[in-house]
Amino acid sequence: MLYTEFGNTGAVVSRLGFGGMRFETPEKIDEMAAVVKHAFDAGVTYFDTAPGYCDDKSEIICGKAIKEMKKTGRPFYVSSKTMEATPDGVRRQCERSLERLNVDAIDFYHVWCLVQPSDLPERKKKGVLKVFRALKEEGLIRHISVSTHLELGHIETMLEEGEGLFESMLLGLNIQNHHLRYAGVQAAAKRGMGVVTMNTLGGGILTKYPDHYRQIVQPGDASILETALRFNLSLPEVTVALVGFRNIKDVDETIEVVNRFKPISPSGIDAISEQMRSLYREFCTQCGYCRGCPQGIPVVRLMEAYNRGMIEGMEASLKHMHYHWNSTDVPAVIAACTQCHACEEECTQQLPILARFEEMKAAYEQMQASGKGMED
Ligand code: SF4
Ligand code: SF4
């Protein structure tokens with residue numbers, strides 16, 4: 001395992017972090033807690049979770065594992081988050097997380113989900129930073145952190161808005177979007193902040209379609225997992241790269257990769273980033289930030305199906321909707337769309353979501369016209 005100092009916080013953490021957002025069977029609390037404990041026993045010391053992850057079970061799973069981890073006396077660090085926008089809401093959610101996680105203090109507590117440049121100024125106006133400061137003074141949180149999907153210069157502006165309170169930043173960064181986020185990573189590191197990357201594997205997309213990404217696997221790497229993880233860990237400003245583990249097999253496979261880690265040179269990073277940009281920029285990472293459609297349209301599911309369509313053809317995306325999401329009639333699913341563009345504005349990948357709806361609709365109509373069914 002690799003370890004490093006976490007910005008100026010004084011903590012020393014494992015460079016591989018446990019992302020608690022992809023548990024395979026979150027309803028099986030004990031089984032999933034064993035996955036967390038397994039990673040801890042293998043040397044992982046940074047654990048990231050949040051309310052709402054995995055049907056709101058992730059904090060409970062981590063809390064169960066933490067009970068066991070405490071007994072070892074070995075150090076570990078817990079990260080959680082709140083997107084509450086009022087002081088009372090933040091405090092309530094923090095207290096709930098403390099209880100569920102079985103800790104007296106959350107090591108890294110995040111102002112969560114800053115997607116629009118206006119998000120932090122608005123929450124600040126409502127007193128969110130003040131309550132974070134108070135929680136730290138009361139010893140309920142140890143470090144104030146920020147979690148964002150902003151891009152380019154917006155990240156530095158957000159850090160400036162943070163009044164010097166932020167000690168670490170969590171942001172989505174991987175071989176697909178490095179060009180949009182790396183300047184922000186550098187800005188955070190310059191401030192002495194720890195930097196944690198989420199979506200290290202493109203929200204699971206990179207490893208889900210290994211054949212599709214074969215071209216990007218670097219010589220000597222066993223898989224796209226290895227290339228993607230080496231990519232993030234080779235960025236000197238990145239302290240921890242999170243991987244969302246589903247099961248013990250994922251943990252073991254990833255730790256093996258970390259244990260044989262060889263850094264990629266800066267010119268190699270630029271070359272991979274450029275290659276990805278030209279080959280695969282159109283993929284939805286399933287980050288979920290477009291989830292709040294006012295019409296209740298399942299944008300994330302539709303874009304997940306579209307991902308499949310990009311690899312296997314649009315009919316495959318419709319069949320995926322049918323088998324995976326139990327939604328056969330795509331035009332009916334999107335019929336209520338008012339074209340308000342809110343989902344596109346939220347999209348962290350800046351995807352043309354509405355145009356994709358139209359493509360899926362056209363593919364559906366074509367299938368209907370040709371008499372093909374979903375089972376054909
Ligand atoms: S554009 Fe359509 S799908 Fe997107 S948020 Fe608005 S109503 Fe929902
Ligand atoms: S469409 Fe965009 S915002 Fe929605 S899940 Fe995909 S990448 Fe995230």
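# A guided tour of the two ligand sites and their surroundings

Begin by selecting ligand 2: of the 11 residues around ligand 2, those that come nearest are Cys284, Cys287, Gly288, Cys290 and Cys347. The model on display is a predicted one. Colour the shell around ligand 2 by residue class, and it divides into 6 nonpolar and 5 polar residues, with no charged residue. Stay on Cys347 for a moment: with a relative accessibility of 13%, Cys347 counts as buried, because the limit for that class is under 20%.

Next, select ligand 1. Its shell holds 14 residues, of which Cys293, Cys337, Cys340, His341 and Cys343 come nearest. Two elements each give two or more residues to this shell, namely helix H16 (342-346) and helix H17 (353-369). Coloured by class, the shell around ligand 1 shows 10 nonpolar and 4 polar residues, and again there are no charged residues.

Is Cys94 buried or exposed? Its relative accessible area is 0%, so Cys94 is buried.

Cys54 is not a glycine, yet it has a positive phi of about 50°. Asp56 lies in helix H2 as well, and it too has a positive phi, of about 65°, although it is not a glycine. Such values deserve attention because most residues other than glycine have a negative phi. In accessibility, Cys54 is buried, with a relative accessible area of 14%, whereas Asp56 counts as partly exposed at 24%.

Select Asp250 next, in helix H11 (residues 248-259). This aspartate is buried, with a relative accessible area of 10%. When its neighbours within four places in sequence are set aside, Asp250 is in contact with Gly244 and Phe245.

From there, go to Ala335, in the loop between helix H15 (330-334) and H16. Ala335 is exposed, its relative accessible area being 57%. Draw a distance from the C-alpha atom of Ala335 to that of Thr4: the two are 51 Å apart in space and 331 residues apart in sequence.

Finally, zoom out to the whole protein. Cartoon view shows 17 helices and 10 strands. The radius of gyration is 21 Å, close to the 21 Å that the globule rule gives for 376 residues, so the protein is as compact as a globular protein of that length. Along the principal axes, the C-alpha atoms fill a box of roughly 65 × 50 × 40 Å.

Of the 376 residues, 55% count as buried. As for contacts with a separation of 6 or more, 75% of them are between residues 24 or more positions apart.

Terms used. Residues numbered from 1 in each chain as written. Chains lettered and ligands numbered in written order. Predicted model: local features only at pLDDT ≥ 70, side-chain atom pairs only at ≥ 80, totals over all residues. Heavy atoms only, no water. Near = heavy atom within 4 Å. Helix = DSSP H or I, 4+ residues; strand = E, 2+ residues; numbered from the N terminus. Nonpolar A, V, L, I, M, F, W, Y, C, P; charged D, E, K, R; others polar. Buried < 20%, exposed > 50% of the residue type's maximum accessible area, 1.4 Å probe, protein only. Rg over C-alpha atoms; globule rule 2.2 N^0.38 Å. Contact = heavy atoms within 4.5 Å.
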